[in-house]
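Subject: Structure for you, with notes

Hi,

Here is the structure for your next look. My notes follow below it.

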Amino acid sequence: MLIDEGLVRRLLAAQFPRWAHLPLAPVRQSGMDNATFRLGTDLSVRLPRYAHWAGQVEREHRWLPHIAPQLPLQVSEPVAKGEPGEGYPYPWSVYRWLEGDTATTEGLADPVGAARDLAGFIKALRSIDAMGGPGPEQSNAFRGVPMGDERDSVAADSLVRGKIEALKKTRLVDTDAVTEVWEAALAAPAWDRPPVWIHGDLDAGNLLTVDGRLSAVIDFGTLAVADPAVDLQPAWKFLPDPARDAFREAVDLDDATWARGRGWAVAGSLPVPDDPFFQADPARVTAALRHLDAVVEDHRRHGS
């Protein structure tokens, strides 16, 4: 459905009239799962685009107040929960606006420092009491499921192998090397400790910087209590080569978890030609190929 300024204005007027007069504009880079608008100078509005993401709203309102005070970086802060209305069928949220620029690899003032800061965030997150937290489910895209699990996640074995097979025809990447990384991830011992808090989508688009330093982590829609391997993806998808070793040391996870992390990175970086995500922006293909190269090289260095 169309989620535009008019709809958001009507929702605000009906449910939160104290904010209805504030300036409203879509953010420059809205996500695929949610539409986001800046509201005034201090707030944002976030609305799920599809029914299967609606559960993210309740999860963030329930759990972010619990975990936020225990984390070393700022995180999204929900301040009000909206209800379906005005023709919009899902719950939605108003958040505190966090200042900062969307993180880029090239924009890091100190990549090694950023690696350690991000590792510190991940360690702090997984140390928080996870009793009663949500496991992998549809509304968090089954992030953190065991490697190759056939539930509807990017890391389902049949899905990954199908994408690798489709890539063989393009000759964009060494599919034999990618298959080797994937099979090593499947063969790695599973997480055998109690499940821990994971963010689930530590993409650069969900990291903010101020003056080139990491300042905040946003978009906890894939928050879950599960295997932390999925949160290692920024090692290959965000951090430059010189910072990867610092991240690996600081995040303090075993070789098997790193092998599964490489599997998640492969699963999320396969630029299948007919995928609308990659068709929409050729730069995404270039980035995905760069990520795959980094994963393959890391596997050769640490995984075999």
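Helix H2 (residues 55-67) lies across S2, S3, S5 and S6, running at about 135° to S5. Here, helices (H or I, at least four residues) and strands (E, at least two) are DSSP runs, numbered from the N terminus. "Lies across" rests on contact, which means heavy atoms within 4.5 Å. Axes are lines fitted to C-alpha atoms, for helices over the stretch in contact, and angles run from 0 to 180 degrees between N-to-C directions.

Two notes on the source. This is a predicted model, in which local features need pLDDT of at least 70 and side-chain atom pairs count only at pLDDT 80 or more, while totals for chains, interfaces and linings use all residues. Residues are numbered from 1 along each chain as its sequence is written, and side-chain values use heavy atoms, with hydrogens and water left out.

**The five-stranded sheet**

Helix H1 (residues 5-15) lies across S1, strand S2 (34-39), S3, S5 and S6. H1 runs at about 140° to S1.

The sheet itself is open. Its five strands follow the order S1-S2-S3-S6-S5, with antiparallel pairing. Two strands count as paired if DSSP finds at least two bridges between them. Strand S1 (24-26) and strand S5 (77-82) are the edges; each has a single partner strand, so one side of each lacks a neighbour in the sheet. From one strand to the next, the twist averages 25°.

Strand S3 (residues 43-48) and strand S6 (residues 92-96) run antiparallel and are joined by four bridges. Arg46 stands opposite Ser93 in S6. Val45 faces Val94 in S6. On the other pairing, S5 and S6 are antiparallel over five bridges. There, Glu77 has Arg96 of S6 as its bridge partner.

S6 is mostly covered, with four of its five residues buried. Buried means under 20% relative accessible area, exposed over 50%, partly exposed in between (1.4 Å probe, protein chains only).

**Ala80**

Ala80 is found in strand S5. Is Ala80 buried or exposed? Ala80 is buried, at a relative accessible area of 8%. Leaving aside neighbours within four places in sequence, Ala80 is in contact with Phe16, Trp19, His61, Trp92, Ser93 and Val94. For a distance across the chain, take His299: the C-alpha atoms of Ala80 and His299 are separated by 44 Å, and the two are 219 residues apart along the chain.

**The four-stranded sheet**

Another open sheet has four strands in the order S4-S10-S9-S7, with mixed pairing. S4 and strand S7 (101-102) are its edge strands, and each pairs on one side only.

Going through the pairs:

- Strand S4 (residues 74-75) runs parallel to S10, joined by two bridges. Val75 has Val217 of S10 as its bridge partner.
- Strand S9 (residues 207-210) pairs with S10 in the antiparallel sense over four bridges. Val210 has Arg213 of S10 as its bridge partner.
- S7 and S9 are antiparallel over two bridges. Asp101 has Thr209 of S9 as its bridge partner.

The hairpin of S9 and S10 has two residues between the strands. In that hairpin, Asp211 takes a positive phi near 55°. Strand S10 (residues 213-217) has four of its five residues buried, so S10 is largely enclosed by the rest of the structure.

**Helix H3**

H3 lies across S4, S9 and S10, running at about 25° to S10. Helix H3 (residues 111-127) has 17 residues. From first C-alpha to last, H3 reaches 24 Å, close to the 24 Å expected at 1.5 Å a residue. That expected span is 1.5 Å times one less than the number of residues. Buried residues in H3 include Gly113, Leu118, Phe121, Ile122, Leu125 and Arg126.

**The H4 and H5 pair**

How do the two axes cross? Helix H4 (residues 157-168) and helix H5 (residues 175-187) have axes that come within 10 Å and cross at roughly 170°. That makes H4 roughly antiparallel to H5. The classes are: under 35 degrees roughly parallel, over 145 roughly antiparallel, 65 to 115 roughly perpendicular, and the rest oblique.

From H4, Asp157, Val160, Arg161, Ile164, Leu167 and Lys168 meet Thr175, Val178, Thr179, Trp182, Glu183 and Leu186 of H5. By class, the contact of H4 with H5 has six nonpolar, two polar and four charged residues. Ala, Val, Leu, Ile, Met, Phe, Trp, Tyr, Cys and Pro count as nonpolar, Asp, Glu, Lys and Arg as charged, and the others, Gly among them, as polar.

Best regards
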